[in-house]
Amino acid sequence: MSSRTHVKRTYGSRQNASVNGPPTISSKKSATEATSPRAGQKRPLADVLTPNLYNIPTPIKRAKYSSSASAISKPKPKVKSSTKSKQKTLTQLHFAIDQTTLRNCPICDLSYTKGAPEDESLHRSHCARVQRGMEWGREEERESVKVGVIEVASQVKLVNGKRGRIISCPAECTGKIGSKISALLQTINLSLSSPPLTQECLRNSKVYLFLLPYTSTASTSTSSGREKIVGCVVAQRITTAMAVASTETVEASNGKGCNIGSDNDDSGDVDDANDGNTERRRQELVAVDSGTGLFCHPQPLSTPMGIPRLFVSSTYRRQGIATALLSAAAATFIHGCPLDPRRGQVAFTQPTGDGKAVMMKWGEGGARIYEE
């Protein structure tokens, strides 16, 4: 067998072949084989330095980690709904025709409708506040200087022998003391069935509080420094008020005490004259509260101070707290000018039955009435 001669191709021979004639299929195949690296053969330096742009693989971007995405992607566990529904508790009601549903609490003196959820809830909160009382502790004492709290009187002795003190502060103060005064005025308005005081009234008012120290049953020590508010008076700056009519004037206006006509011919004229005078007297008086028999003369009189609110806790009434508060307010409301209620320098708004008794006793008939 004759040995086959191997022809070694060079780059020059490939170029010459491409120049001499058009490329054939075999030449294209050989060119592709030449450009592609063979097994065990290194790539040409030109291919390494100038890579094929069309064969470069696109880099894959790594997705950023997101806690919200992972939280959303995680399937939420399904909550198994209870098949058994809770049965609503029913209350058996009965008709009580012979009994009234209106109740009057002996502790807080609040009237409410028994069986009405709103009234009972209001009574519970109000009665708990009255029983617990408004506490005056160390936090209020720390803020007293900033707000302008002044101690008016100290060691005020009550009828039962206990001693307390009286302080005053602006009615429109802020902070913790302002919140406590707002809650106290809300309780007073609810107890007296009165509307809330306006901002203009509070701006020109002072609040006087009677503080009584907490005492334990074992001893009378007050080392804790805690006190409770047992009385409150709101003093307001006013301009005019009306004088209260006396009992004789009210009776005369109702026709009592008039002369009875005699049997002569002038009896009819006398009766007509008395009827005219009675009608004129009735027109001259203003009825403040016909239930308590409180009437006033309509002429406005100059009055510097008014009392729109007066309240004492039911547990501490008839101990002289209201009188002490009113006297302190009359003495210190206008600096350097004490006021005398007997001379008509203090007026009250429409008082209740107990308020009228306090007003007449403290003012000795000289206190006046003004419109709030």
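How many residues does helix α7 have, and how far does the helix reach from its first C-alpha to its last? Select residues 175-192: α7 has 18 residues and reaches 26 Å, close to the 26 Å expected at 1.5 Å a residue (the expected span is 1.5 Å times one less than the number of residues). Helices here are DSSP runs of H or I, at least four residues, and strands are runs of E, at least two, numbered from the N terminus.

Before going on, a word on the model: it's predicted, so local features need pLDDT of at least 70 and side-chain atom pairs count only at pLDDT 80 or more, while totals for chains, interfaces and linings use all residues. Residues are numbered from 1 along each chain as its sequence is written, and side-chain values use heavy atoms, with hydrogens and water left out.

Back on α7, colour the buried residues, among them Ile177, Ile181, Leu184 and Ile188. Buried means under 20% relative accessible area, exposed over 50%, partly exposed in between (1.4 Å probe, protein chains only). Just past the helix, Ser193 takes a positive phi of about 55°.

Next, pick His297 in strand β10 (residues 294-302). His297 is partly exposed because its relative accessibility is 28%. Its contacts (heavy atoms within 4.5 Å) include Met242, Thr249 and Glu284, leaving aside residues up to four places away in sequence. Ala245 is 52 residues away in sequence from His297, yet 6.2 Å away in space, C-alpha to C-alpha.

Last stop: Arg226, whose charged end sits over the ring of Tyr214, 4.6 Å from the ring centre (the cut-offs: NZ of Lys or CZ of Arg within 6 Å of the ring centre and within 35 degrees of the ring normal).
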